[in-house]
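Have a look around the model, then come back to the points below.

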Amino acid sequence: MIVYSLKIGSIRKETDDAVTLSFKQPGLKKIKYQAGQYLTLIFRINGRRYIRPYSFSSTFGIDSTLDVTIKRVPGGIVSNHILDVVKEGDSVEVMEPMGDFIVPVADKAADKHLVLWGVGSGITPLYSILKDTLVNHSNKVTLIYGNRSHSTVIFKEALEKLKKDYPDRFTCIEFHTRPEIDSAGTHIIEGRIQPSKAFEYIRSVSSIEHTSHFICGPSGLKDSVKTALAETHVLSDNIYSEDFEIVKNEEDFKFIQTQSIRIRKDNEEFTVEVIKGKSILEAGLDALIELNYSCQTGNCSVCKGRLIQGEIKTIGVKEISKDLIENEYLLCCSYPVTGDVVVEI
Ligand SMILES: Cc1cc2nc3c(=O)[nH]c(=O)nc-3n(C[C@H](O)[C@H](O)[C@H](O)COP(=O)(O)OP(=O)(O)OC[C@H]3O[C@@H](n4cnc5c(N)ncnc54)[C@H](O)[C@@H]3O)c2cc1C
Ligand code: FES
């Protein structure tokens with residue numbers, strides 16, 4: 001895993017609770033990434049190391065800086081640290097770009113209509129994909145974007161400009177749960193994103209079979225869009241989504257109890273209590289073991305560890321990562337089933 005130290009060139013306020021950090025590219029060799037990928041930021045806060053992934057809002061080849069846009073999560077450790085403490089000129093350690101929420105080559109075919117579904121900070125990877133598609137390809141793109149009101153819309157002005165620059169190829173359909181009067185006169189649909197209303201528009205410009213869908217937002221959005229798409233002729237192969245956090249289902253924890261396990265790392269052995277509901281990764285971090293991780297959603301494989309003995313259950317991931325060999329587990333999604341678990345990093 002390559003780790004860089006990058007300097008924050010500027011911090012731009014997007015809304016009252018979201019900022020964009022613009023990192024300067026390293027002088028010698030630029031960091032390359034694809035639209036839709038993320039950058040993992042590493043902070044030391046009160047002596048403890050915290051690692052969080054943030055999707056690029058910049059687009060390689062279009063923007064000269066590496067930009068990530070962070071929305072404050074109430075009570076969140078790193079997002080509040082970034083909004084309240086981090087300043088221009090600070091250096092931040094970052095991991096090399098990762099992530100597979102990218103537009104596959106087949107979906108860049110000119111007859112494909114890309115439909116981007118986003119709510120709140122879920123706009124970030126979609127904005128990078130949007131710019132890449134409009135500037136470097138010829139597809140039509142529709143952004144279906146949900147927010148509370150105008151004042152919480154991230155990239156509002158930049159999106160208005162893209163609408164003017166690409167009037168034949170880019171459309172934005174906005175849903176606001178608490179609409180306000182907008183001086184720009186933007187057309188807003190009241191309420192949460194309703195796929196059926198968005199489909200009405202899409203059908204008026206494209207055949208729905210030629211659409212590919214990219215979803216980034218809370219799990220409710222993903223579920224409602226996927227359910228609605230299942231009733232159309234869009235193949236599941238043409239639906240992609242990015243999760244910012246895992247939603248844990250209580251049912252999955254039925255047979256899990258608090259367990260005391262052992263974690264071996266760098267020739268040391270730690271005994272760690274894994275409280276019911278916490279993953280082995282979370283329990284290890286709470287015990288101040290410096291474990292590596294990034295996404296915490298079972299996507300990046302940075303947190304993998306080897307099960308030496310005992311039984312572990314994987315919860316929250318639909319597909320087991322192909323990066324894993326026998327007895328390897330993603331510790332961010334692993335929960336001990338027995339009390340004799342030993343894991344080696
Ligand atoms: C692949 C990926 C890309 C991401 N890209 C972005 C991005 O571009 N912009 C951005 O702002 N965030 C993004 N995130 C989320 C980000 O990594 C952090 O999870 C988020 O900033 C919260 O971290 P925290 O330390 O402030 O909160 P924590 O201290 O980790 O969490 C505090 C509480 O908030 C809940 N929580 C955690 N994340 C969220 C969330 N996103 N929304 C609501 N509640 C949450 C937790 O369950 C916990 O209860 C991304 C996450 C992933 C996995
Ligand atoms: S931290 Fe990314 S898979 Fe576990």
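1. Let's start with Asn299. Leaving out residues up to four places away in sequence, Asn299 touches Tyr38, Gly99 and Asp100. With Asp100 there is a polar contact from side chain to side chain, at 3.2 Å. Keep in mind throughout that this is a predicted model.

2. Where does Asn299 lie? Look in the loop between helix H6 (280-286) and strand S15 (304-309). Asn299 has a relative accessibility of 28%, so it counts as partly exposed, a class that runs between 20% and 50%.

3. Now for the overall layout.

4. Where does ligand 1 lie? It sits between domain 1 (3-98) and domain 2 (105-242), because both of them give residues to its shell. There are 21 residues around ligand 1, and the closest are Pro53, Tyr54, Val78, Ser79 and Thr124. Sorted by class, that shell has nine nonpolar, seven polar and five charged residues.

5. S4 gives the most, with four residues.

6. Zoom in on the oxygen atoms of ligand 1. One lies 2.6 Å from a side-chain N or O atom of Ser79. At Val78 it is a backbone N or O atom that lies 2.8 Å from a ligand oxygen. Glu245 also takes part, with a side-chain N or O atom 3.1 Å from an oxygen of ligand 1. On its own, ligand 1 has 900 Å² of accessible area, and the protein covers 75% of that.

7. Last stop: Thr15, which is in strand S1 (residues 3-15). Is Thr15 buried or exposed? Its relative accessible area is 7%, so Thr15 is buried, the cut-off being under 20%. The Thr15 side chain reaches the backbone nitrogen of Ala18 at 3.2 Å. Setting aside neighbours within four places in sequence, Thr15 is in contact with Ser151, Thr152, Val153 and Ile154.

Methods. Residues are numbered from 1 along each chain as its sequence is written. Chains are lettered from A and ligands numbered from 1 in the order in which they are written. This is a predicted model: local features need pLDDT of at least 70, side-chain atom pairs count only at pLDDT 80 or more; totals for chains, interfaces and linings use all residues. Side-chain values use heavy atoms; hydrogens and water are left out. A residue is near a molecule or strand if one of its heavy atoms lies within 4 Å of it. A polar contact is a pair of N or O atoms within 3.5 Å; within protein, one must be able to donate a hydrogen and the other to accept it, and residues adjacent in sequence count only if both atoms are side-chain atoms. Accessible areas come from the Shrake-Rupley method with a 1.4 Å probe; for residues, only the protein chains shown count as cover. Helices (H or I, at least four residues) and strands (E, at least two) are DSSP runs, numbered from the N terminus. Ala, Val, Leu, Ile, Met, Phe, Trp, Tyr, Cys and Pro count as nonpolar, Asp, Glu, Lys and Arg as charged, and the others, Gly among them, as polar. Domain bounds come from an automatic or database domain assignment. Buried means under 20% relative accessible area, exposed over 50%, partly exposed in between (1.4 Å probe, protein chains only). Contact means heavy atoms within 4.5 Å.
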